[in-house]
Amino acid sequence: MKRSTPLIPQEDIGRQWSCCAQVRAQNARRATPPLALVETYGCQQNEADSERLRGYLAQMGYQFTHDRAQADVIILNTCAVREHAELRVLGNVGGLVHTKRNKPGQVICLCGCMAQEPQMADKIRRSYRHVDLVFGPHALWRFPEFLLRILQRRGRIFEVADEPGAIAEGLPVSRQSGVKAWVSVMYGCNNFCSYCIVPYVRGRERSREPQAILEEVRQLAAAGYKEINLLGQNVNSYGKDLGEPMDFADLLRAVNDVPGDFLIRFMTSHPKDASEKLFDAMARCEKAAPALHLPFQAGSNRVLKAMNRGYTCESYVDLVSRLRAKIPHIVLTSDVIVGFPGETTPEFEETLRLVEEVRYDALFTFLYSPRTGTPAAAMEDPMPKEEKMANFQRLVEVQNAISAEKHRAYVGQTLRCLVDGSSDDPRNNLSARTPGGRLVHLSGPETLIGNYVNLTITDSTTWTLFGALV
């Protein structure tokens, strides 16, 4: 079989490294090292992309800052999944006109999913003329080339061509944490849910070669990373475009076999592609976290069909039953959209019944947000916003009660948890995660960060656990 996804030739990647060297030489002539700022909006895949942008910037001689006024290069890595995220980005982009006025040589870049939307790129071109560079996810690997051209004062650059996408290996990575790491196993999406913009801005599904993924995981394990997160828009589709037979369950087993003391997490799984084989692999792989994010989006079969989700409520509930039969202690989370065009309140109440039947540990709940260019954006939507908001609040109240009850059941248990950082709770200075991904606040020395510890759960709230060191 011949691979259907193109790989960027290494000589093309080499040219980007050459551009890095040229920018680094320019920066070396400055009296002080230049500063860069990368702000990330949206999902974990955007976080992973930002780590590659920071990797490039580090290779070009930049140091990093959180101060927009001091930055010589500002990159906003954006999300297009909901209108609120776009409005927030536009507000921040508008505010940068003042920083650039005070620092005329500042380079302002907009990238990510929002930049790939044609109407948004055109809006930036016309109304935000202080933005120097706009590029979509497909062109990220060419960032050094773009920045070099900007620094040579060759005008504004817009690289947002509509294309299916490719895979670029060998890019530098600057990770934000020495504890948790993001590893993209695939890019793009072929599902075309009627409400979702992702397939239009991130292109078709394309899988990284397993050897490249496993080598990255081996390096992370050797460097002492304790949690490795495998990323894809739909990880259950991994491997369909590879020349050798390998699916995501096979990949999970291969990652599990990499030596090291680390936990494997992954997202996102699409219910229509989740399989018994995957559940078996999760149950048998000792490093696989007992957690699954399995979005169901709506509890009405009519709405699911309008969403083009490819499953029914009955098949979804059966899937969850089979998962829990294999992993009884699984922590299950999901996404729900309230107010999809044409959804009635009786249909919404079917969502409530599904939530009460499945009993998720947590839900990520959203009001429907129309995305230009998707089929759902053209559907009739007669329900008043006030009714949608009332339904949304009902859902939140039902799920909060379930989450609080599930968290109370942890009290008294002793769990092996990863201390992953500082806590924002005034009574506890550290935060940790249970194997299932539940947040735990605790007190202890900061030297514990990056280590597994045994915690006895002493208290709980709807969203948080509290633990004491054993």
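**Note on selected local features of the model**

1. Arg 359 is located in the loop that separates α13 from β14 (362-367); helices (H or I, at least four residues) and strands (E, at least two) are DSSP runs, numbered from the N terminus. The model is predicted: local features need pLDDT of at least 70 and side-chain atom pairs count only at pLDDT 80 or more, whereas totals for chains, interfaces and linings use all residues. Residues are numbered from 1 along each chain as its sequence is written, and side-chain values use heavy atoms, with hydrogens and water left out.

2. Backbone of Arg 359 and Asn 308. Although Arg 359 is not a glycine, its phi is positive, at about 60°. Asn 308, likewise a residue other than glycine, has a positive phi near 60° and sits in the loop between α11 (301-307) and α12 (313-326). Most residues other than glycine have a negative phi. Arg 359 is partly exposed, with a relative accessible area of 29%, and Asn 308 is partly exposed at 40% (buried is under 20% relative accessible area, exposed over 50%, partly exposed in between; 1.4 Å probe, protein chains only).

3. A cis peptide. The bond from Met 267 to Thr 268 is cis, and its omega is near 5°. Thr 268 belongs to the loop between β11 and α10. Most peptide bonds are trans.

4. Helix α13 (residues 345-358) contains Phe 348, which counts as buried because its relative accessibility is 0%. Beyond its neighbours within four places in sequence, Phe 348 is in contact (heavy atoms within 4.5 Å) with Val 338, Glu 343, Asn 391, Arg 394 and Leu 395. Between Phe 348 and Pro 199 there are 149 residues of sequence separation and 26 Å in space, C-alpha to C-alpha.

5. Burial of Lys 100. Lys 100 is part of helix α3 (residues 83-102). Its relative accessible area is 14%, so Lys 100 is buried. A polar atom of the Lys 100 side chain lies 3.2 Å from the backbone oxygen of Gln 106; a polar contact is a pair of N or O atoms within 3.5 Å, in which, within protein, one must be able to donate a hydrogen and the other to accept it, and residues adjacent in sequence count only if both atoms are side-chain atoms. Not counting residues up to four places away in sequence, Lys 100 touches Gln 106, Ile 108, His 130 and Asp 132.

6. Helix α9. This helix (residues 248-256) is mostly covered, with seven of its nine residues buried. The buried residues are Phe 248, Ala 249, Leu 251, Leu 252, Ala 254, Val 255 and Asn 256. Their cover includes α8 (210-222), β10 (227-231), β11 (263-267) and α10 (276-284). At the N-terminal end, α9 is capped by Asp 247, one of whose side-chain oxygens lies 3.2 Å from the backbone nitrogen of Ala 249.

7. Strand pairing around β18. Strand β18 (residues 452-460) runs antiparallel to strand β15 (residues 414-422), and five bridges join them; strands pair if DSSP finds at least two bridges between them. In this pairing, Leu 415 stands opposite Leu 455 of β18. Strand β19 (residues 465-469) also pairs with β18 in the antiparallel sense, over five bridges, with Ser 460 opposite Leu 465 in β19. A hairpin of four residues connects β18 to β19.
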